[in-house]
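Q: Please take a close look at one part of the structure shown below, namely the packing of its secondary-structure elements. A connected account, with every criterion stated, would be appreciated.

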Amino acid sequence: MLSPKRKRLKPGEKVSLSLPLAQVDLIVEHTLLGEGLLATIHAARVLDNTVRVRCTLGELEALAGCVAAEAKKTYNSDFQREFGAISVAIAKVA
């Protein structure tokens, strides 16, 4: 099976990250996001309980860092599982 070709992005070009609404709510409620990243999430489109966030690779890295930090410090196994799933989704886009 062939791996998909990687696309070269120009500086500042945005990528699309799709997450279920419940996962986005978890991110917003339980992680420490900067104002810029929070504004990007709030500007996302929601369709059929799927949130499509358009962000730069820098914003995506910042989001991945926030999610990883929260997953590392939480003791709730359900939250750890959800944050792990979010991290996998972010890694696929990155």
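A: Helix α1, which spans residues 21-30, has Q23, V24, L26 and I27 as its buried residues, where buried denotes a relative accessible area under 20% and exposed one over 50%, with partly exposed in between, computed with a 1.4 Å probe on protein chains only. These four cover an arc of only 155° around the axis, and therefore lie on the same side of α1; the arc is that of the directions from the helix axis to the C-beta atoms. On the face of α1 turned away from this buried side are the exposed residues A22 and E29.

The model is a predicted one, in which local features need pLDDT of at least 70 and side-chain atom pairs count only at pLDDT 80 or more, while totals for chains, interfaces and linings use all residues. Residues are numbered from 1 along each chain as its sequence is written, and side-chain values use heavy atoms, with hydrogens and water left out. Helices (H or I, at least four residues) and strands (E, at least two) are DSSP runs numbered from the N terminus.

The cover over the buried residues of α1 includes β1 (14-20), α2 (35-42), β3 (50-56), α3 (57-73) and α4 (77-93), contact being defined as heavy atoms within 4.5 Å.

Among these elements, β1 shows V15, L17 and L19 on a covered face, and K14, S16, S18 and P20 on an uncovered one. In a regular strand the side chains alternate between the two faces of the sheet. β1 belongs to an open sheet of 3 strands, in the order β1-β3-β2 and with antiparallel pairing; two strands pair if DSSP finds at least two bridges between them. β1 and β2 (45-47) are the edge strands, each pairing on one side only. On average, neighbouring strands of this sheet are turned by 25° against each other, direction ignored. β1 and β3 are joined by 7 bridges, and P20 stands opposite T50 in β3. β2 and β3 are joined by 3 bridges, and here L47 stands opposite T50.

α2 has L37, T40 and I41 buried. They cover an arc of only 100° around the axis, so they lie on the same side of α2. The exposed residues E35 and H42 are on the face of α2 turned away from that side. The buried residues of α2 pack against α1, β3 and α3.

With α3, α2 packs at an angle of about 100°, the axes being 11 Å apart; axes are lines fitted to C-alpha atoms, for helices over the stretch in contact, and angles run from 0 to 180 degrees between N-to-C directions. This makes α2 roughly perpendicular to α3, given that 65 to 115 degrees counts as roughly perpendicular, under 35 as roughly parallel, over 145 as roughly antiparallel and the rest as oblique. L37, T40 and I41 of α2 make the contact with E59, A62 and L63 of α3.

α3 also lies across β1 and β3, running at about 120° to β3. Its packing with α4 has an angle of about 160°, with the axes of α3 and α4 9 Å apart; α3 and α4 are therefore roughly antiparallel to each other. In this pair, L60, L63, A64, V67, E70 and A71 of α3 meet Q80, F83, I86, S87, I90 and V93 of α4.
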